[in-house]
Amino acid sequence: MATKEGIFLPHSEEYDDILSKIFHGGAAGSQPGAIVQPRTEDDIRHALKMASSTGMKICVRGGGHSGHCSAPGAMMLDLSRYMNAVTWNGKDRVAVAQGGAIVGDVLRCLAQHDSTISVGVYGTPGMGLVLQGGIGYLTRSCGLTLDAIEEIRAVRVSDGASIVCSADHPKGDAFALLRGAAPFLAIATEITLRPILQQSLHVMRAMYSLESIGLLIAESETLPHACSCSLVLGVPPSGSSVPVAMMYAVGATKDAEASLEHIEATHASKIMAGPWHSRAPGLSQCPLFELPCLSDGQVPPAPAAPKDRHSRPSTCVYSLLFPSDTLAVSTDLLDRALKHVPNESCTIALQHCGGAVANVTPSATAFAGRQVEWSMVITAIWDPSDTRAGEIAQQWAKDCFMSMEHLACGLYIVERHPEQPDIYQRELKLAFGENLPRIKRLREAWDPHHVLLSSL
């Protein structure tokens with residue numbers, strides 16, 4: 001039943017409807033103890049008192065892409081319903097996004113002012129992605145999304161106080177550590193972002209055999225920072241059962257385009273399908289970062305999500321960061337993983353980083369993996385009704401992670417696995433490095449009773 005306005009309990013129609021709108025299948029199918037849709041920070045403070053009186057943990061739902069935005073028995077703060085605005089401050093030329101906004105809305109707001117920011121490859125994730133990293137096509141030239149944050153407003157769990165911090169007013173370690181570890185520390189309600197000038201992007205996609213991965217990785221690492229050359233590895237949606245590699249190259253300047261043309265010409269004899277060229281006026285218009293059909297380069301429409309929120313496809317995702325000169329000589333590990341891929345929905349993505357990411361020192365934010373050249377995202381997907389298929393897919397993803405972990409220089413903490421304590425502790429150390437003790441100290445000061453679900 002629904003109780004007070006904006007508070008929903010299990011077995012109500014509103015409760016199921018709210019959960020059914022969550023993107024992440026596991027989170028959509030979970031059973032939180034209560035859902036609160038706050039309109040203001042005062043509503044959040046009221047929710048904190050409710051959680052304290054009932055002993056509930058609190059998780060925060062922004063874009064709904066994270067498996068940690070909902071959990072059995074927890075109180076879910078759903079910021080997406082009312083605290084989702086994005087506004088443009090013309091005087092300071094910055095965008096201000098509430099905690100429930102999605103990056104696509106940020107891009108649309110900025111585009112009206114010939115501006116953009118470096119964000120991930122999809123428009124639907126929320127501010128959790130922004131606050132924990134943000135890796136995309138402009139990362140090499142502009143840095144992580146969190147590097148564009150000018151100010152953060154958040155509600156502290158211990159006393160409900162509103163904290164506002166920035167480079168000019170860092171509030172001790174708060175501004176540094178909220179950029180990279182916010183979900184572990186507080187409830188972020190507002191993020192101010194400094195944009196860059198929007199540029200037209202040249203996108204080139206082509207399909208290669210797995211034998212070309214090493215050459216493509218090595219060549220990509222020599223590109224100027226105005227280029228990114230990412231890869232998606234897996235089985236294309238065209239009836240073939242043979243895994244392939246899609247190169248997804250983006251250039252934002254004429255020199256960058258020339259570099260991409262050089263790569264295309266150098267490896268032309270190895271292209272299985274494509275190349276497909278497109279011009280995008282901004283990040284929102286780039287082709288999908290997914291494997292296309294070999295015949296025409298088109299990505300098939302995604303099937304409609306099942307109406308039953310418990311029937312959504314299940315996912316298991318691991319993420320690792322690698323320095324340069326590492327993956328190009330370790331392609332045997334990738335080849336082995338892909339030859340045992342459990343189904344055509346399982347993929348390994350290599351997002352090209354480097355460049356401007358290293359311009360920020362590891363201690364300036366919580367994101368410690370500043371030497372990253374590649375962000376690897378291992379994704380396993382399966383039908384939740386097939387228990388055995390789920391076991392096989394999850395084991396495949398875990399085996400991929402375990403086989404590559406020793407080469408990593410960091411980890412993208414958006415994907416984490418607290419249900420596996422041995423792996424989780426290693427994930428935290430990889431993600432935060434020497435910043436971890438600082439984060440733990442701030443966590444004890446701001447959330448001493450560990451009300452926030454994200455644990456350290």
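In the predicted model, helix α7 (residues 174–181) packs against helix α13 (residues 436–446), with axes 11 Å apart and an angle of about 100°. Helices (H or I, at least four residues) and strands (E, at least two) are DSSP runs, numbered from the N terminus. Axes are lines fitted to C-alpha atoms, for helices over the stretch in contact, and angles run from 0 to 180 degrees between N-to-C directions. The helices α7 and α13 are therefore roughly perpendicular to each other; angles of 65 to 115 degrees are given this name, while those under 35 count as roughly parallel, those over 145 as roughly antiparallel and the rest as oblique. Ala174, Ala176, Leu177, Leu178 and Ala181 of α7 meet Arg438, Ile439, Leu442 and Trp446 of α13, where contact means heavy atoms within 4.5 Å. By class, this contact of α7 with α13 has 8 nonpolar residues, no polar ones and 1 charged residue. Ala, Val, Leu, Ile, Met, Phe, Trp, Tyr, Cys and Pro count as nonpolar, Asp, Glu, Lys and Arg as charged, and the others, Gly among them, as polar.

Residues are numbered from 1 along each chain as its sequence is written. Because the model is predicted, local features need pLDDT of at least 70 and side-chain atom pairs count only at pLDDT 80 or more, whereas totals for chains, interfaces and linings use all residues; side-chain values use heavy atoms, with hydrogens and water left out.

Isoleucine 163 is found in strand β9 (residues 162–166). With 11% relative accessibility, isoleucine 163 counts as buried; buried means under 20% relative accessible area, exposed over 50%, and partly exposed in between (1.4 Å probe, protein chains only). The C-alpha atoms of isoleucine 163 and valine 119 are separated by 25 Å, the two residues being 44 apart along the chain.

On α10 the contact is made by Leu333, Leu334 and Ala337, and on α11 by Trp396, Cys400, Ser403 and Met404. The residues of this contact divide into 6 nonpolar, 1 polar and no charged.

Within α10, the buried residues are Leu333, Leu334, Ala337 and Leu338. They cover an arc of only 125° around the axis, which puts them on the same side of α10; the arc is that of the directions from the helix axis to the C-beta atoms. The buried residues of α10 pack against α8 (213–220), β13 (227–234), β17 (347–352), β18 (374–382) and α11.

In helix α1, Tyr15, Ile18 and Leu19 are buried. Their arc around the axis is only 95°, which puts them on the same side of α1. The elements packed against by the buried residues of α1 are β1, α2 (25–28), β2 (34–36) and β4 (75–78).

The largest nonpolar core has 123 residues, and those with the most contacts inside it are Ile348, Leu350, Trp396 and Phe432. A nonpolar core is a set of buried Ala, Val, Leu, Ile, Met, Phe, Trp, Tyr and Cys residues joined through side-chain atoms within 4.5 Å. Strand β14 (residues 244–251) gives the most to this core, with 7 residues. Apart from this core lies another, of 18 residues, among them Ala47, Ala51, Met75 and Leu79.

Leaving aside neighbours within four places in sequence, tryptophan 396 is in contact with residues including Ala337, His340, Val341, Ile348 and Thr379. Threonine 379 is found in strand β18 and is buried, with a relative accessible area of 15%. Apart from neighbours within four places in sequence, threonine 379 has contacts with Cys316, Val317, Ser345, Cys346, Thr347 and Trp396.

Some backbone features were also noted. Histidine 11 has a positive phi of about 75° although it is not a glycine. Histidine 11 lies in the loop between β1 (7–8) and α1 (13–20) and counts as exposed at 75% relative accessibility. Arginine 93, likewise not a glycine, has a positive phi of about 55°. Arginine 93 is in the loop between β5 (86–89) and β6 (94–98) and is partly exposed, with a relative accessible area of 42%. A cis peptide bond, with omega about 0°, joins glycine 274 and proline 275; proline 275 lies in strand β15 (residues 271–280).
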